[in-house]
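Visitor: Hi! Could you walk me through this one while I have it open?
Guide: Happy to, let's bring it up.

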Amino acid sequence: MSGDTVILVEVEVTAPGGATTTLRFADRAIRPMAPTDALRPNAIWDDRLTQAPALRRALVEDLSTLSAGWGVAQLSLANGDGALDTYRTHIWGEVRVYRWTEGSPFATAVSLFEGRAALPTYDRSAKRSAPVSVGFYDPRVELDQPLQVNLYSGAGGYTGPAELTGRPKPLAFGDLSTAHIPAPRIEVAAGVYQLHDGQIAGLSGVFDRGDDAGLASDGDKVGAAFDAWAPAPAHYATDLERGLFKANTTPVGAATFGFLGDAGGGYVNTAGPILARLLARLGVPGDRIGASIAGLASTAPVGVFDQSGGAGREILGWLSRSVLAAVLPDRAGVWQAVRLAPPKPVADYAIDYFDIIDLIEDPSAPTPAGIVRVGWGRIWTTFRADDIAPALKGTAAAIGLEAEYRYAQVEDAAAKARGPGAWRTLELQTALRSEADALALAAQLKTLFGLRPDGAARTLWKVQMPLTDAVMAVELGATVRLTYPPRGIDETFVLLVEEPHSPGRDMTTWTLWG
């Protein structure tokens, strides 16, 4: 019937031969789209959804560690007639879920979720309705790709010696001037090191066993001039455009470097622009990197170095936590940055008391933080006391070279006064380069995870309510006013988790924090 709400799902499936087909499903029988529809003319929707898809999106998964979560969902499709068996050997790819009012243009459909399908599960029992179950995930699966796919071949020259075969080339972003980077020596005989797989902004230091190596600079040389240049003893030059360093020296101990990282497209040293570059390296198209990523407001210098070959998830999480932000795809699959902060005084949305179907306190709320420690100034090469240059032994600089991070610490006296077991120590390692910025972040974390201004501990509430257009317009991270007189609640909270279609088709469950 025109005007009724329908759940629509589109799934892209690819045949073994490479041909791609779009499967379209609905949760009830509807007529095909109008021939004049601008986006889906004549589209036919098969009423195979046995129930509205269960969806879940979270700003962060674990408040105690600020670890990122997944957006997850589950489809159940009727297959009693075996029509979906045709797609059993296909690759199920992109999935899109919409909430649409029948009779309206498809352009008015509200996107609830976009993601990537897992392998479907076919129930092939002869005595059941043979449903097909499909789990799928939001685009955060893109972060599980290697951040660096360029590897050393070990064939000699700038492709690296045999011992580097298969190892990723280094990636460096931001301010690494005091980071003691262990750049690989890629051409041993010529004394060439690679600092970054690409252009860098400048070299700030060369170190031997943590101390200045005492080398004289012959400046920057480009391309063939760098390749042909033969340095005099204790001299060096750079090829900034290729991220290379060449010197005529034999270090006594570990050789490390300080420099300013990636400058392809211009040098940047704050979290937002670097996050945008990392997402691009992971293959995210530019039109799916929202302006909120590069525009993430922060003046705090950060530094990122990686040669592990690991997935991008951990590095992006570590970097975004450095500025107390979550980086996640929105409902349309576009990556956005959302600040983690206490609720604002003025709410973005207010839940009407009469719309509350159920209200449950979530016992998983983390214990208030009495001590907050923020790791900053990371160094990528640490030294035992016996390995440090003699000139540094016994100095503060030597102590600083023994640990990967330095720590800035703030305390919440009121939280600690609650007694043992009633507070915790929150420790967070970051990409921040200065102590002042680490102290500022620690103060923000204390406000967010210490006691509230009224002296109470922050809580988590799960609220079940109708799924309306106004509710679907509220984004994760928004400030929500919750008023529930039977419990004496009239406060603002942060929307942390949304679960459309839970516990039923036309309902949603929100998890609120504050």
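Guide: One term to start with: buried means under 20% relative accessible area. Also keep in mind that this is a predicted model.

Visitor: Okay, so how many residues of α2 are buried?
Guide: Eight of the eleven are buried, so α2 is largely enclosed by the rest of the structure. The buried ones are Ala271, Gly272, Ile274, Leu275, Ala276, Arg277, Leu278 and Leu279.

Visitor: And what follows α2?
Guide: Gly283 follows α2, and its phi is positive, near 90 degrees.

Visitor: Let's move to α4. How many of its residues are buried?
Guide: Nine of the ten residues in α4 (312-321) are buried, which leaves the helix mostly covered. Among the buried ones are Arg313, Trp318 and Arg321.

Visitor: What's the lining like by class?
Guide: For the largest cavity, eleven lining residues are nonpolar, three are polar and three are charged.

Visitor: What about the second largest cavity, how much space is in there?
Guide: About 60 Å³. Its lining has ten nonpolar residues, with no polar and no charged ones. Leu59, Leu340, Phe449 and Trp513 are among the residues lining the second largest cavity. α7 and β28 (489-500) each supply at least two residues there.

Visitor: Last topic, the open sheet of five strands. What's the order?
Guide: β10-β11-β16-β15-β14, with mixed pairing. β10 (185-187) and β14 (216-220) are the edge strands: each has a single partner, so one side of each is left without a neighbour in the sheet. The twist averages 30 degrees from one strand to the next.

Visitor: How does β10 run relative to β11, parallel or antiparallel?
Guide: Antiparallel, with two bridges joining β10 to β11 (residues 192-194). If you want a spot to look at, Arg185 stands opposite Tyr193 in β11.

Visitor: Great, thanks!

Note on methods:
Residues numbered from 1 in each chain as written. Predicted model: local features only at pLDDT ≥ 70, side-chain atom pairs only at ≥ 80, totals over all residues. Heavy atoms only, no water. Buried < 20%, exposed > 50% of the residue type's maximum accessible area, 1.4 Å probe, protein only. Helix = DSSP H or I, 4+ residues; strand = E, 2+ residues; numbered from the N terminus. Pairing = 2+ DSSP bridges. Axes fitted to C-alpha atoms, helices over the stretch in contact; angles between N-to-C directions. Nonpolar A, V, L, I, M, F, W, Y, C, P; charged D, E, K, R; others polar. 1 Å grid on protein atoms, 1.4 Å probe; cavity = no way out; pocket = protein on both sides within 12 Å on 5 of 7 lines; lining within 4 Å. Points joined across faces, edges and corners; volume = space filled by probe spheres on them.
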